[in-house]
Amino acid sequence: MTRFIIQVYSILLLLLLTQTVSARKTSIKENKPCKRIVLYYHDILFNGTNAANATSAIVANATKLGNFNFGLFAVFDDPMTTDNHLLSPPVARAQGFYFYDMRTTYNAWFAYSLIFNSTKYKGTLNIMGADMMNEETRDLSVVGGTGDFFMTRGIATFRTDTFQGSDYFRLQMDIKLYECY
């Protein structure tokens, strides 16, 4: 009788383990975004002579620790366009800051809001994260929003489109939203 009970418990334990393992094997399906927007971010850094055109300014200079602008802190109010032309009508403004946070390579950390006020979209998207500049593409987190983007979440993929020294750079931003209300 004892042998029979041990066999029953062994079979039940084996069934339980099989169910646990099969439940853990399920793959995560990649979600399709509920909204996708591709925009171009244009940054013109104030250099002392371009006050009429500048859209960003350094508010804390880089330290002497390394050759990669470590510690440099900039604030910006940059135009966002739907194509890569600086003079195209902006559909939003990117307002926030970035700072260089690595001593051994170029790397920046961004935190900003995209402020939309167009016929297509109204509201804000809040974006933050590390911009590892040596990578071809970089993903930053969309952590929320207002208006048409109320409580949204997603990914903003950066790709450097062009840069002209330290005075001007343009990023392509492929914004994919996965939670839309």
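This is a predicted model: local features need pLDDT of at least 70, side-chain atom pairs count only at pLDDT 80 or more; totals for chains, interfaces and linings use all residues.

User: How many salt bridges does the structure hold, and with which residue does D131 form one?

Analyst: Across the structure there are seven salt bridges. For D131, the relative accessible area is 2%, and because buried means under 20%, this residue counts as buried. In the salt bridge of D131 the closest N and O atoms are 2.5 Å apart, and the partner is R138.

User: Is R138 buried or exposed?

Analyst: The cut-off for the buried class is a relative accessible area under 20%. R138 has a relative accessibility of 3%, so this arginine falls in that class and is buried.

User: How does the accessibility class of R159 and D161 follow from their values, and what is the N to O distance of their salt bridge?

Analyst: Partly exposed residues lie between the buried limit of 20% and the exposed limit of 50%. R159, at 27% relative accessibility, is therefore partly exposed, and D161, with a relative accessible area of 23%, is partly exposed too. The side chains of R159 and D161 meet in a salt bridge whose N to O distance is 3.4 Å.

User: Where does T105 lie, and which residue does its side chain join in a polar contact?

Analyst: T105 is located in the loop between β4 (92-100) and β5 (108-117). Once neighbours within four places in sequence are left aside, T105 is in contact with F68 and N134. A polar contact of 2.5 Å links the side chain of T105 to that of N134.

User: Which strands each supply at least two residues of the lining of the largest pocket?

Analyst: The largest pocket has a volume of about 500 Å³, and its lining consists of 19 residues, of which Y100, M133, F163, G165 and F169 lie nearest the centre. The strands that each supply at least two lining residues are β4, β8 (153-164) and β9 (168-179).

User: How many nonpolar residues does the lining of the largest pocket have?

Analyst: Sorted by class, the lining of the largest pocket includes five polar and two charged residues. The remaining class in that lining is the nonpolar one, and its count is 12.

Note on methods. Residues are numbered from 1 along each chain as its sequence is written. Side-chain values use heavy atoms; hydrogens and water are left out. A salt bridge is a side-chain nitrogen of Lys or Arg within 4 Å of a carboxyl oxygen of Asp or Glu. Buried means under 20% relative accessible area, exposed over 50%, partly exposed in between (1.4 Å probe, protein chains only). Helices (H or I, at least four residues) and strands (E, at least two) are DSSP runs, numbered from the N terminus. A polar contact is a pair of N or O atoms within 3.5 Å; within protein, one must be able to donate a hydrogen and the other to accept it, and residues adjacent in sequence count only if both atoms are side-chain atoms. Contact means heavy atoms within 4.5 Å. On a 1 Å grid over the protein atoms alone, a cavity is a set of points where a 1.4 Å probe fits but cannot get out, and a pocket is an open set with protein on both sides within 12 Å along at least five of seven lines; lining residues have an atom within 4 Å of a point. Grid points are joined across faces, edges and corners, and a volume is the space filled by probe spheres set on the points. Ala, Val, Leu, Ile, Met, Phe, Trp, Tyr, Cys and Pro count as nonpolar, Asp, Glu, Lys and Arg as charged, and the others, Gly among them, as polar.
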